[in-house]
Amino acid sequence: MASSAKRRAVGMAESPGKEEEDSSDEGLEEEGDSGEEDTDDSDEEIGEEVNIDFEAHAISHNDHNGIKKLLQQLFLKASVNLPELTDLLIQQSHIGSVIRQAEVPEDSDDEDPDEVFGFISLLNLTERKGTPCVEQIKELVLGHSEKCCPHSDTEQLEKILEDTSKPVGLLLSERFINVPPQIALPLHKQLQEEIAEAQRTNKPSGKCHYYLMVSKTCKEAKSSNVRRVGAPKTEELRFANAEEEFFYEKATVKFNYSVQEETDCCLGGRWSFDDVPMKPLRTVMLIPADRMGAIMDKLREYLTV
């Protein structure tokens, strides 16, 4: 499976750093034709687009560091044993995929040709009940639910998580921010096929009545209690993985919690929309498994290339 994507060259606007600032200072100090040429070259380099083909591969032990890094950007400073969670995902190699660059040019500056650009997997929390990282995830979700939701919603969520007759699967889909959402469609299609095959052959994570998701989201940061004229009463929720909005629409339990104190930037990057600062959040969703068909239809409608 391959998906075409575009990646900006070094110096992209999404992640301005010290080198970019230093180069700007140097440009102010230079004068004459040579300075103008350097500026033109710099503009051309920053605006350059590089075509990259991505491929999906079965998860292997070589992907441990890459998957753990992506889990860290999701859970941030939460008390979740990420090495253990990564090991569990790798152990069930019959479910899940990692995204890698299809072909790495010989003259590429990339240090790791097998770098993981993203991954998708499902972990059955009910089957893994009692495993430390699984219990930590449940405690994390229920703890924030108690603070953010009506008591009835928290009770419902806790009852579902503890009901061994109707398993709950943790659906994880993480990728770098420059990987396009179109790649989500073939990944989710493949995952659903793997889940169906696991259920048919009675393998782990094959049968789930619910999917639990934790998504990276953000909302406009409130600078005051005064609402702008014409502004909506509730701020628009924005998803780092755009396709996860379709899961949100079908969720029976959903709530947000702030991760402002766990990160200095929104979703691992300096995000703003129309120059408006954004507040980083995590959005928890519980989706009945029988609604996945409708969600997949939405993914096909909006993400088919």
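**Rings, strands and a helix**

Tutor: Let's start with a charge and a ring: the charged end of K254 sits over the ring of Y248, 4.4 Å from its centre. Keep in mind that this is a predicted model.

Student: How many aromatic pairs does a search of the whole structure find?

Tutor: Some of the rings join up, with ring pairs linking F54, F117 and F176 into a cluster. Over the whole structure, the number of aromatic pairs found is 4.

Student: Take F117 and F176: is the pair stacked or edge-to-face?

Tutor: The ring centres of F117 and F176 are 5.9 Å apart. Their planes stand at 75 degrees, and planes over 60 degrees apart count as edge-to-face. So this pair is edge-to-face.

Student: How many residues apart in sequence are the parts that this pair ties together?

Tutor: F117 is in the loop between strand 3 (97–101) and strand 4 (118–124), while F176 is in the loop between strand 5 (168–175) and helix 7 (184–200). F117 is buried at 4% relative accessible area, and F176 is buried too, at 18%. The pair therefore ties together parts whose separation in sequence is 59 residues.

Student: How many of the residues of strand 5 are buried?

Tutor: In a regular strand, side chains alternate between the two faces of the sheet. Here both faces of strand 5 are covered: V168, L170, L172 and E174 are buried on one side, and G169, L171, S173 and R175 on the other. Strand 5 is thus largely enclosed by the rest of the structure, and its buried count is 8 of 8.

Student: Which residue in strand 6 stands opposite L170?

Tutor: Strand 5 pairs with strand 4 in the antiparallel sense over 7 bridges, and there L122 stands opposite L171. With strand 6 (residues 210–220), strand 5 pairs in the parallel sense over 3 bridges. In that pairing, the residue opposite L170 is L212.

Student: Let's turn to helix 6. Within what arc do its buried residues fall?

Tutor: Helix 6 (residues 151–162) has 12 residues and spans 17 Å from first C-alpha to last, close to the 16 Å expected. Its buried residues include T154, L157, I160 and L161. Looking down the axis of helix 6, the buried residues line one face of the helix, because they fall within an arc of 130 degrees.

Student: Which exposed residues does the face turned away from that buried side carry?

Tutor: An α-helix has 3.6 residues a turn, so residues three or four places apart point the same way. On helix 6, the face turned away from the buried side carries the exposed residues H151 and K159.

Student: Does L76 count as buried, partly exposed or exposed?

Tutor: L76 lies in the loop between helix 3 (64–75) and helix 4 (82–91). Its phi is near 50 degrees, a positive value in a residue other than glycine. At 25% relative accessibility, L76 counts as partly exposed.

Student: What is phi of N202 near?

Tutor: Most residues other than glycine have a negative phi. N202 is in the loop between helix 7 and strand 6, and at 72% relative accessibility it counts as exposed. Its phi is positive, near 60 degrees.

Methods
Residues are numbered from 1 along each chain as its sequence is written. This is a predicted model: local features need pLDDT of at least 70, side-chain atom pairs count only at pLDDT 80 or more; totals for chains, interfaces and linings use all residues. Side-chain values use heavy atoms; hydrogens and water are left out. Rings of Phe, Tyr and Trp (its six-membered ring) pair if their centres lie within 6.5 Å; planes under 30 degrees apart count as stacked, over 60 as edge-to-face and the rest as tilted. Helices (H or I, at least four residues) and strands (E, at least two) are DSSP runs, numbered from the N terminus. Buried means under 20% relative accessible area, exposed over 50%, partly exposed in between (1.4 Å probe, protein chains only). A charge sits over a ring if NZ of Lys or CZ of Arg is within 6 Å of the ring centre and within 35 degrees of the ring normal. Two strands pair if DSSP finds at least two bridges between them. The expected span of a helix is 1.5 Å times one less than its number of residues. The arc is that of the directions from the helix axis to the C-beta atoms.
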